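Biologist: Please put the model up. I will ask about it piece by piece.

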Amino acid sequence: MNSGSLDTLVLSVTALRKTYGAHTAVDGISFDVRRREIVGLLGPNGAGKSTTINMLLGVLQPTSGTIHIEGTDLGTQRVKALSRTNFAAVYSPLPGNLTVAQNLRVFGLIYGVKGLSARIEALLEEYDLKRFRDTKCGVLSSGEQTRVSLAKAMLNEPRLLLLDEPTASLDPATAVDIRTRIKAFAAKGNSSVLWTSHNMYEVEAVCDRVLFLARGRVLLAGDPKTLPREHGKASLEELFIAVANEPLALERTEAP
Amino acid sequence: MNLNHVAGIALRQFYLYKGNFARVVPLFAWVAIDMVLWGFMTRYLNSVTSAGYNFVPALLGAVLLWDFFARVMQGLTTGFFEDVWSRNFLNVFATPLTLTEYVSGLVVTSIATSAIGLCVMLLLSTTVFGLSFAAYGAMFIPFVMVLFLFGIALGILSSALVLRLGPASEWFVWPIPSLLSPFVGVFYPLSTLPEWMQWVAKLLPPSYVFEGVRTLVAGGEFSGATLGWGLALALLDIVLAGWVFQRVYRYAVRTGLLARYSAESVS
């Protein structure tokens, strides 16, 4: 599944595996994410998406396999690799007892952002957070907190942005707004995005490519607009349900 | 070590103290109460015992030093607990921050918070109860240094304990200073203790400090070399505590405990 020349690869995952005793959460997956690409990591609950994201963030050690971010091995050069990465996850909000500006300043220092004050101002403007500058994050609405998390995730202008269900629990209007911002981010620079979501409409609208995970393995991969038809399904949602309910049947379809 | 990373961790703690007065009060309230309580106690003891022995530098001075040690330790662990309480591990550890930088940020916080407690104690004990450090002489600085280093070591070890056993194990950490105080002879000479406790005392750096305090107050001579053992032990304890913290962190990353910390265990 690895493809693309090295200079265009932002993320390269090879034979990544994570086991907990007898249970295999991620079973030797390999994939790449290229520059300016938005890749959707899809799959039913327990498929191994968050485990994969945690390994990419360096907070979970793989049992085996390698992760390279812009050619830097995360296992051996963690600091360098993570300085090019950032993330936002619905289950990991920023500390609610700090204000928006305080959180951005703290994480800006930790990510070593140059010209931090100017960068914070630009992000407050870009994510429509100026009026919340001195508001504690804990009192913001879900949508506002997501915007703060995204602003934090953009602090270091990451080459690899990991988003774990960034629009979960948001109303449709806010979700569209967030999706637009992320698409603009990927389109304008040298960055790429790995995105997990259970909203298939959103995935089809945003992602250039999707990877379907089931039981810790990449079952299907391809263009979200054509993949359903290739597997005899009417929509991405139908394909998702098939992956969730009949992964073995789909695995046989994929086998050479 | 990247100083910006260290500053980020320390700045987070500063914002927390700045934003909530309830966090600031404990920095000086409990130690101030201790000074008042033991200040009057030493006055009373001076009035009912034979003339010639001054309990103020022996007892009040010892309580001041012990409270300073406890503030150093709690200054570090409280900083760590803030990340536990706000479920902030994923945000903090999925960054280019190293473990040494993280702990250094907590140490900087502890220096600031314990200095506030120390200043309040010095102010109260000297102005209200007439505590003079003349009897300690130049040894006061190394006494404080040994207690500071041991406080840092114990703070790191306590944080490792909570990282390994989960948020509920915070309960184990708060009583640690009280648990150690009988062994290190804050209020009495080590010779008072049974032999096995004396052996434990020899492994604890504060024992050397409090033996030194009593010797100097009694007009005796206290060898700097003896305190040097205490200093060496405190430094060794920091190295050991750092090693334990790193081992526990690696375990947490390997087993998934760090990513699922709120579950308290990975089983």
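Biologist: Start with A:Asp27. Which strand of chain A does A:Asp27 lie in?
Modeller: First, the ground rules. This is a predicted model, where local features need pLDDT of at least 70, side-chain atom pairs count only at pLDDT 80 or more, and totals for chains, interfaces and linings use all residues. Residues are numbered from 1 along each chain as its sequence is written, while chains are lettered from A and ligands numbered from 1 in the order in which they are written. Helices (H or I, at least four residues) and strands (E, at least two) are DSSP runs numbered from the N terminus, and A:Asp27 lies in β2.

Biologist: Is A:Asp27 buried, exposed or partly exposed?
Modeller: Count the other C-beta atoms within 10 Å, placed from the backbone: 20 or more is buried, 12 or fewer exposed, in between partly exposed. A:Asp27 has 16 such neighbours, so the class is partly exposed.

Biologist: Which residues is A:Asp27 in contact with, leaving aside neighbours within four places in sequence?
Modeller: Contact is set at C-beta atoms, placed from the backbone, within 7 Å. By that rule A:Asp27 is in contact with A:Arg17, A:Arg215, A:Gly216 and A:Arg217.

Biologist: Where is A:Arg36, a residue with positive phi that is not glycine?
Modeller: Most residues other than glycine have a negative phi. A:Arg36 has a phi near 65 degrees. A:Arg36 is partly exposed, with 17 other C-beta atoms within 10 Å. Its place is the loop between β2 (23–34) and β3 (38–42) of chain A.

Biologist: What is the phi of A:Asp128?
Modeller: A:Asp128 is found in the loop between α4 (116–126) and α5 (142–154) of chain A. With 13 C-beta neighbours inside 10 Å, A:Asp128 is partly exposed. Its phi is positive, about 55 degrees.

Biologist: Now chain B. What is its mean pLDDT?
Modeller: pLDDT is the predictor's confidence in each residue, from 0 to 100. In chain B, 97% of residues reach 70 or more. The mean is 91.

Biologist: Are α2(B) and α5(B) roughly parallel or roughly antiparallel?
Modeller: Axes are lines fitted to C-alpha atoms, for helices over the stretch in contact, and angles run from 0 to 180 degrees between N-to-C directions. Under 35 degrees counts as roughly parallel, over 145 as roughly antiparallel, 65 to 115 as roughly perpendicular, the rest as oblique. Helix α2 (residues 21–48) and helix α5 (residues 99–127) of chain B pack at about 30 degrees, axes 9 Å apart. That makes α2(B) and α5(B) roughly parallel.

Biologist: And α3(B) against α5(B): roughly parallel or roughly antiparallel?
Modeller: Helix α3 (residues 55–85) of chain B comes within 8 Å of α5(B), axis to axis. The axes cross at roughly 155 degrees. So the pair is roughly antiparallel.

Biologist: How many nonpolar residues does the contact of α3(B) with α5(B) have?
Modeller: Ala, Val, Leu, Ile, Met, Phe, Trp, Tyr, Cys and Pro count as nonpolar, Asp, Glu, Lys and Arg as charged, and the others, Gly among them, as polar. Residues in the contact include B:Phe68 in α3(B) and B:Leu118 in α5(B). By class there are 8 polar, 2 charged and, for nonpolar, 10.

Biologist: Which element gives the largest share of the side of chain B that touches chain A?
Modeller: 25 residues of chain B are in contact with 24 residues of chain A. Elements giving two or more residues on the chain B side are α1 (3–19), α4 (89–93) and α11 (224–255). The largest share, 9 residues, comes from α1(B).

Key
Contact = placed C-beta atoms within 7 Å.
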